[in-house]
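Notebook open, structure loaded. Here is what I looked up, one entry at a time.

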Amino acid sequence: MEPLDLAGVGIGPFNLSLAALGDGVAGLRGAFFEQRPEFRWHPGLLIEGATLQVPFLADLVTLADPASPWSFLRFLRERERLFPFYFAERFHIERAEYDAYCRWVSERLPGLCFGHQVDAVRWSAERDLFEVDFTRLDALGEALTLGRSYARNVVLGIGTAPHVPRALRPSAQDPAVPVYHSSEYLDRRAELLAAGHVTVIGSGQSGAEVFLDLLRGRPAGRERLHWLTRSPAFAPMEYSKLGLEHFTPDYTRYFHGLSEPARDGLLPRQGQLHKAVDAGTLAAVHDELYRRTLELDRGAGDRGGDGGTAGWPDVVLTPGVRVRAAGRGGGSRLELHLEHGEQQERGVLTTDAVVLATGYTERPAEGLLAALEGYVRRDGSGRALVDEEYRLVLDPAVGGSVFVQNAERHTHGVGAPDLGLAAHRSAVILNAVTGRESYPLPRRTAFTTFGLREGPAAADGGAGAAGRSATVSV
């Protein structure tokens with residue numbers, strides 16, 4: 001076979017963006033491999049009414065190529081929903097609609113190989129190419145045949161995996177105990193609504209959406225819900241216009257130019273940029289709780305109850321709490337051993353089911369890239385070095401490039417998993433692969449100037465930048 005210019009591993013939104021923009025590059029030969037039989041985007045969290053946290057312009061292509069045939073607006077036109085969308089005046093679309101849009105692209109875009117599990121990527125010095133070994137799978141995921149492709153460049157878009165806290169892993173692995181990650185929420189929704197008492201752990205957007213959906217589905221006064229989080233508050237996400245400039249290419253370049261210690265110190269302080277809850281969702285939770293107090297108060301008045309004292313829903317929301325341990329209680333019930341950090345107190349919560357809205361972790365690529373291990377250059381913490389163009393820093397003996405998508409937060413900052421930067425990152429990668437400006441990139445994207453000087457901090461990745469001075473003209 002003629003070698004590929006670009007072989008993609010995984011078909012999530014980021015590699016789908018790369019494939020869609022790559023379709024517009026004349027002469028580019030690319031193929032993308034995915035073990036699943038079709039495109040699916042967080043199917044367990046496509047809760048009715050849940051919206052994306054980025055505007056619809058953050059689709060697969062628009063912020064790099066507004067004229068692309070793979071844009072969200074083109075999808076609406078094909079589905080004859082462009083005018084209804086125009087009158088709906090929606091800047092943030094529902095997650096289910098974003099999933100439908102991505103599936104529309106995935107079903108029409110050439111070069112996508114679903115049902116292909118990539119087993120290994122290695123460098124062939126003899127061929128001066130990457131060897132990409134894969135297994136073709138049937139609809140049930142059973143192996144059919146083995147295959148191999150050759151590529152000048154590889155891009156990894158293998159996504160993330162649900163994170164389960166250590167204290168809850170034994171319970172989550174026990175099929176007899178109803179502990180589920182939020183990624184499978186819709187599959188378990190009926191079971192959770194029927195459970196006597198449910199605890200939601202985690203105060204990010206997914207946790208708030210799951211809690212709100214359960215709240216709306218359970219009777220007033222008999223909700224029997226707990227919502228717990230380690231965070232000090234159920235806090236809104238930073239969504240000011242200047243705050244959002246942390247999700248621009250300008251900030252990505254600034255972050256990449258910092259020293260490794262500076263980057264590592266900065267990331268833990270930026271949780272409110274991406275780990276908190278949309279203010280509208282928090283307002284909806286409060287509105288639903290307040291509505292229930294009115295309903296319960298009316299019910300008490302109709303029964304000649306307590307002289308008009310308002311009733312309260314059977315709901316507990318407690319921040320600042322971590323789960324120290326978990327174990328089986330009576331029957332299938334679960335005992336959560338809790339610790340409140342500020343009070344320095346411990347307690348036990350008995351519940352019938354738990355939803356872990358505890359986020360995701362990057363899938364490790366070490367097994368896939370085992371044959372390249374000796375070529376990958378690493379930082380002081382053992383993480384792969386990633387250059388400004390999203391390319392793994394490899395030994396010069398490797399003539400090709402391995403690019404990464406959503407695996408570079410430690411080098412590129414909080415925007416790594418953000419859908420709003422997908423098209424720009426894809427354009428950067430395609431420009432690097434083709435060696436030309438296949439997609440013109442903006443010189444400036446933010447009003448904020450994040451540092452006193454521009455460009456990389458130092459040739460060694462920023463390690464020697466401390467103490468430098470800069471002259472600033474005002």
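I started with the neighbours of α4: its buried residues (buried is under 20% relative accessible area, exposed over 50%, partly exposed in between, with a 1.4 Å probe and protein chains only) pack against α1 (13–22), α2 (72–78), β3 (112–114) and α7 (205–217). Contact here means heavy atoms within 4.5 Å. Helices (H or I, at least four residues) and strands (E, at least two) are DSSP runs, numbered from the N terminus.

Ground rules I noted: this is a predicted model, where local features need pLDDT of at least 70, side-chain atom pairs count only at pLDDT 80 or more, and totals for chains, interfaces and linings use all residues. Residues are numbered from 1 along each chain as its sequence is written, and side-chain values use heavy atoms, leaving out hydrogens and water.

Back to α4. I found 10 of its 12 residues buried, so the helix is largely enclosed by the rest of the structure. Among the buried ones are Arg-95, Tyr-98, Cys-102 and Trp-104. I also checked its length: at 1.5 Å times one less than its number of residues, α4 (residues 95–106) should span 16 Å, and its end C-alpha atoms are 16 Å apart, which agrees.

Next, α6 and α7. Which residues meet there? From α6 I got Tyr-185, Arg-189, Leu-192 and Leu-193, and from α7 Val-210, Asp-213, Leu-214 and Gly-217.

Last, Thr-248, in the loop between β11 (225–228) and α8 (249–256). Buried or exposed? It counts as buried, because its relative accessibility is 9%. Leaving aside neighbours within four places in sequence, I saw Thr-248 in contact with Leu-421, Thr-445, Ala-446 and Phe-450.
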